[in-house]
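Student: I have the sequence and the model open. Can we go through the main features together?

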Amino acid sequence: MNYKTIRLEIRDFDSNAWRDLQEMHMDFENSDYCWYDAPQNTDALSVQAEARDLAQNALCYGIYRRNDPEMIGYLIFHDFTDFYDVGYEFKKKYQGCGYALEALGCTISAVNRMRGICRFTARTAEYNLPSIRLLERAGFIRTGERRQQLRCDEDGNPVSFTALVYVLALPEPDGGCH
């Protein structure tokens, strides 16, 4: 996929962008929201391996500002046959600028048209207000919640939280939905 929006270029994930991915992970691990996701490796070799894996995933897209070589974020879709679960990560310095909403809208529309997927899901912690606002602005509707634990604190105690479940249902493109 290679799409351009007013401000962005969205393209297949490139393993050469591992340093940008590493910066995103370091930002995230130092954020208040890190407790609500699995720990992310930040050492160079681990991030390089992750970048290679993401580049081999046909449903992972790097997000760039137009005419700028720096990857500012990425979106990934996990294929569950009849629906795709979406995940995303953006560098802290580009959050709050509308880039994630622009990229999410474009990629979901493209995946809907190209792959015939009409149902998308996403999860976020109940305390992650920026992510909640993003999903709701993108048209996702909250459908439930569940308790989740993805990491332990420094004493080895599980950090449990409520994850909110969101769904986006789109009309069928020509050819129907899967």
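Student: Where does Thr 81 lie?
Tutor: Thr 81 lies in the loop between β4 and β5. Keep in mind throughout that this is a predicted model.

Student: Is Thr 81 buried or exposed?
Tutor: Thr 81 counts as exposed because its relative accessible area is 63%, and the cut-off for exposed is over 50%.

Student: What about the phi of Thr 81?
Tutor: Phi of Thr 81 is near 70 degrees, a positive value in a residue other than glycine. Most residues other than glycine have a negative phi. Thr 81 sits in the turn of a hairpin formed by β4 and β5, with four residues between the strands.

Student: How many bridges join β4 to β5?
Tutor: Seven bridges join them, and the two strands run antiparallel. Within that pairing, Phe 77 stands opposite Val 86 in β5.

Student: And which way do β3 and β4 pair?
Tutor: β3 and β4 are also antiparallel, with five bridges. Tyr 64 has Met 71 in β4 as its bridge partner. These strands form a hairpin with five residues between them.

Student: Which residue in that turn has a positive phi?
Tutor: Asn 67, at about 60 degrees. Asn 67 is not a glycine. With a relative accessible area of 82%, Asn 67 is exposed.

Student: Buried or exposed, for Glu 70?
Tutor: Glu 70 counts as buried because its relative accessibility is 17%, and buried means under 20%.

Student: What is Glu 70 in contact with?
Tutor: Leaving aside neighbours within four places in sequence, the contacts of Glu 70 include Asp 20 and Glu 23, together with Lys 91, Lys 93 and Tyr 94. Ile 63, Tyr 64 and Arg 65 are also in contact with Glu 70.

Student: How many residues of β4 are buried?
Tutor: Seven of its nine residues are buried, so β4 is largely enclosed by the rest of the structure.

Student: Switching to helices. What do the buried residues of α1 pack against?
Tutor: They pack against α2 (44-56), β4 (71-79), β5 (84-90) and β7. The buried set in α1 is Trp 18, Asp 20, Leu 21, Gln 22, Met 24, His 25 and Phe 28. In an α-helix, residues three or four places apart point the same way, because there are 3.6 residues a turn.

Student: How far apart are the end C-alpha atoms of α1?
Tutor: They are 16 Å apart. At 1.5 Å a residue, the 12 residues of α1 (residues 18-29) should span 16 Å, which agrees.

Student: And what span should α3 have?
Tutor: Its 17 residues should span 24 Å, and the end C-alpha atoms are 23 Å apart, which agrees. The buried residues of α3 include Tyr 99, Leu 104, Cys 106, Ile 108 and Val 111. Just after α3, Gly 116 takes a positive phi of about 70 degrees.

Student: What is in the loop between β2 and α1?
Tutor: Ser 15 has its place there. Ser 15 is partly exposed, with a relative accessible area of 26%. Beyond its neighbours within four places in sequence, Ser 15 is in contact with Ala 51, Arg 52 and Ala 55.

Student: What about the other hairpin, β7 and β8? How many residues lie between them?
Tutor: Five residues lie between β7 and β8, and Gly 156 in the turn has a positive phi of about 85 degrees. The strands run antiparallel, joined by nine bridges. Arg 142 stands opposite Tyr 166 in β8.

Student: Last topic. What volume does the largest pocket have?
Tutor: About 1300 Å³. The elements that give two or more residues to its lining are α1, β4, β5, α3, β6, α4, β7 and β8.

Student: Which element gives the most?
Tutor: β5 does, with six residues. The lining has 45 residues in total, and those nearest the pocket's centre are Asp 37, Tyr 88, Glu 89, Asn 128 and Ser 131.

Student: How does that lining divide by class?
Tutor: There are 23 nonpolar, 13 polar and nine charged residues.

Definitions and conventions:
Residues numbered from 1 in each chain as written. Predicted model: local features only at pLDDT ≥ 70, side-chain atom pairs only at ≥ 80, totals over all residues. Heavy atoms only, no water. Pairing = 2+ DSSP bridges. Expected span 1.5 Å × (residues − 1). Buried < 20%, exposed > 50% of the residue type's maximum accessible area, 1.4 Å probe, protein only. Contact = heavy atoms within 4.5 Å. 1 Å grid on protein atoms, 1.4 Å probe; cavity = no way out; pocket = protein on both sides within 12 Å on 5 of 7 lines; lining within 4 Å. Points joined across faces, edges and corners; volume = space filled by probe spheres on them. Nonpolar A, V, L, I, M, F, W, Y, C, P; charged D, E, K, R; others polar.
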